[in-house]
Amino acid sequence: MTAPLKSSVGRPSLDCDVLVVGSGAGGLSAAVTAAYHGLKVVVVEKADVCGGATSWSGGWAWTPGNPLARAAGVNEDREQFRTYLRHRLGKNYQEDRVEAFLEAVPHMVGFFQDKTSLQFVPGTKIKDIYGSTPGAGTGNRSVGPKPFNARKIKPELRAKMRHQLYETSFLGMGIMAGPDLTKFLSASQGNIKGIFHAGWRVGFHILDLVTHRRNMQLVNGTALTGRLLKSADDLGVEIRVSTPAKHLLTDGSGKVTGAVVSSPEGELQINASRGVVLAAGGFPNDVSRRKVLFPKTPTGREHWTLAPKETTGDGITMAQEVGARFETDVESPAAWCPVSLVPYRNGRTGTFPHIMDRAKPGSIGVRRDGRRFVNEANGYYDYVEGLLNATPEGEAVEAWQIADAAFVRKFPLGMAKPLPVPLFPYLRSGYLKKGKTLEELAAACGIDPKGLAATVAEFNGNARKGIDPDFDRGASEFNRYGGDPENTPNPSLRPLEKGPFYAVRIVPGSFGTFAGLAADSRARVLNNDGQPISGLYVAGNDQASVMGGHYPAGGINLGPALTFGYVAGRDLAGATHYEDDGTRAPEERAGNNDATVKRPSLN
């Protein structure tokens, strides 16, 4: 229910305890936490739908020491997490912030699992990327959102939800990493159980499109934001879309007391007695900042992000106007991800993230000289970093992910799907290149044919032995987990042998930004003197990365976003005791099984 408006300085005003700018994981985490503790919360979102980049993500969060792991009997000492991060972050390791993250993570997961509609599944087999680093984990350090049926969300709230990113869906239907994806891939090989699974999933999706005109089987990022939105709504959080924040309000002491926003009804002043949380998604679509901060982007446009177009750095700009420090001293300004550009017949260009195809056997990545430049099966961040480093100054930063005929009928190659989906639409659009021989493929892509032939010959000889002397692909558990367990002697390595051969052009992209507002361990925004700005908090990609611009594990965007949103919400509410001890197994706690949550008494 919309709160009544008051008049203030010639414009209508709205009073609340906490104003949250942005509705991704960080913003909604802060909103739900603050509302649970009895505060009146308003969320404003620039776009006409909620969820931000979170809705288009895989939804997995790095949450070391979480209670689901402990329920499975995995009780790692916190020093293991510190050790891993110290080695991976190096000079960018900020002890106070890392410690705050590690302290709050298990309680954050326990709080949402116990007290809200956000329920998790464990990342039992998800490994940290750098397995040879001391302290690296081999599973149980991640959680993902439990799949969710949008029918449990009331229609007026559903209308405010961002849809699944089309490029990572099948006809608009999300497929969850893990057993769901494995069964879909097995269906392409004629597996009966896989065919049955894919059949009923697609069948229900078509029914949903007919009856509700949208995907209702929420997985990945849409499940995360859907569950968070329901939790916020259950707790009385007011959510306003198409309402960008314009500038912050301060009192005589410099405390942030609210913001002026632009609403569909006109300009509105929102007064927030406790403070404001900035979670507007960072600056991945701010071309001017990209030009200054991103490597090898001379105009700022040589980059394609997976974040929605509204993420133009508004939160950072508003904070800087009240004296906040924009922290750019990070290893990388952005969370890199290799992407390919998908042309559509209506003139639109889609952006596809290459997450799982690079590790599968039978495919390699090469530059225009025909040479490999990276361990393709490592993290998506490493792929782009390797490409940036390998590209001479002045050359276009691009690569080609190449595969043989057996690969493209068994696994996706970018947007191109395996059997039984035909390849001709991708060939017709020019997205997918094809050659009967490697020489023909090289000509189609503009790759040096001799360089490509030499690279493939060397790679093939080593792949037959299950080794990769050049980049150690397939040597780590992370690499092998991303491969094909049926492929021997190495799940990630297979020679590219029988044509025709196919390729997709790869360009640099990102999930979001790592440079951001300097913050302390309580998620309070810091000024240029390193002091907290009263009443101003930050979470998500607006906050300078607690990982210092490194990418040590999958989910290091969402894990800190949820955690520091939770930290900010608790600090704004003055909470002194954790809602859950973060140690007991879920079945030992009073979970709500998706029930409506209730605001506790403030007595």
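Author: A crossing is right-handed if the near helix is turned clockwise from the far one by less than a right angle, and left-handed if anticlockwise. Helix α1 (residues 25-36) passes α17 in a right-handed crossing; helices here are DSSP runs of H or I, at least four residues, numbered from the N terminus. This is a predicted model, where local features need pLDDT of at least 70 and side-chain atom pairs 80 or more, while totals for chains, interfaces and linings use all residues. Residues count from 1 along each chain as its sequence is written, and side-chain values use heavy atoms, without hydrogens or water.

α1 packs against α17 (residues 558-573) at about 30°, with the axes (lines fitted to C-alpha atoms over the stretch in contact, angles running from 0 to 180 degrees between N-to-C directions) 7 Å apart. That makes the two helices roughly parallel, a label for angles under 35 degrees, with 65 to 115 being roughly perpendicular. On the α1 side, Ala25, Gly26, Ser29, Ala30, Thr33 and Ala34 make the contact (heavy atoms within 4.5 Å); α17 brings residues including Leu558, Gly565 and Arg570.

Now for α4 (residues 95-115): its axis and that of α1 come within 12 Å and cross at roughly 65°. These two are therefore roughly perpendicular, and their crossing is left-handed. Ser29, Val32, Thr33 and Tyr36 of α1 meet Phe111, Phe112 and Lys115 of α4.

Technical notes
Angles under 35 degrees count as roughly parallel, over 145 as roughly antiparallel, 65 to 115 as roughly perpendicular and the rest as oblique.
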